[in-house]
Amino acid sequence: VQLLRDIPTPAADRDTLRAPLRTAGVPEPIVAWLSTSARHDPDGWRWMWDLDAVEQLLRSYVIEDLWDFATASPRVHLVRAGRSDRWTAGDLERLDRLGDRAHTVPDPGHWLHVDAPEATFALIRGAMGGR
């Protein structure tokens, strides 16, 4: 979030918004995804987000533990990216206990919806009974 705050806006074009992300080593698919949330105003390009709200959401994500909810509800399915480094050994054990409600898309890193959107969609669709 701080990286996004540090990018001067309004910018002359989208590439001016993208350049600091690339310089910081953000992977290109993530740069492309982030730049879909840029809008052109009369004075130039800027991010559409309320970065204070994004920061609050990220903070609550770190604080909230929803494992009990996820494991108690038979309607909840969890999908993980096979090469993601975000899962602890304990998390993986919990996933195993979910049985057919835990799914893995084997090839992508953390951003499975970016790295493997078709496989992710097919898995979700299959978990929903083809709906």
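I looked up what lies over the buried residues of α3; the cover includes α2 (14-23), β1 (38-41), β2 (44-47) and α7 (112-115). I note that the model is predicted.

Next I asked which residues of α3 (residues 28-35) are buried. They are Ile30, Val31, Leu34 and Ser35. They share one side of α3, because they cover an arc of only 130 degrees around the axis. I recalled the general rule: an α-helix has 3.6 residues a turn, so residues three or four places apart point the same way.

Then I turned to Arg18, which sits in helix α2. Setting aside neighbours within four places in sequence, I found Arg18 in contact with Val31 and Ser35. I also checked its side chain for polar contacts. The side chain of Arg18 makes one with the side chain of Asp15, at 2.8 Å.

I moved on to Ala38 in strand β1. Is Ala38 buried or exposed? Ala38 is buried, because its relative accessible area is 6%, and the cut-off for buried is under 20%. With neighbours within four places in sequence left out, I listed the contacts of Ala38 as Arg14, Leu17, Trp45, Arg46, Trp47 and Met48. I also looked up a C-alpha separation: Ala38 and Gly99 are 61 residues apart along the chain, and 40 Å lies between their C-alpha atoms.

Last, I looked at the surface. Tyr61, Val62 and Ile63 form a nonpolar patch there, with about 400 Å² of accessible area together. Ile63 belongs to helix α4 (residues 51-63). I put Ile63 down as exposed, because its relative accessibility is 62% and exposed means over 50%.

Terms used
Residues are numbered from 1 along each chain as its sequence is written. This is a predicted model: local features need pLDDT of at least 70, side-chain atom pairs count only at pLDDT 80 or more; totals for chains, interfaces and linings use all residues. Side-chain values use heavy atoms; hydrogens and water are left out. Buried means under 20% relative accessible area, exposed over 50%, partly exposed in between (1.4 Å probe, protein chains only). Helices (H or I, at least four residues) and strands (E, at least two) are DSSP runs, numbered from the N terminus. The arc is that of the directions from the helix axis to the C-beta atoms. Contact means heavy atoms within 4.5 Å. Patches are made of residues with over 30% relative accessible area and no salt bridge: like charges are joined within 9 Å, nonpolar side chains (Val, Leu, Ile, Met, Phe, Trp, Tyr) within 5 Å. Accessible areas come from the Shrake-Rupley method with a 1.4 Å probe; for residues, only the protein chains shown count as cover. A salt bridge is a side-chain nitrogen of Lys or Arg within 4 Å of a carboxyl oxygen of Asp or Glu. A polar contact is a pair of N or O atoms within 3.5 Å; within protein, one must be able to donate a hydrogen and the other to accept it, and residues adjacent in sequence count only if both atoms are side-chain atoms.
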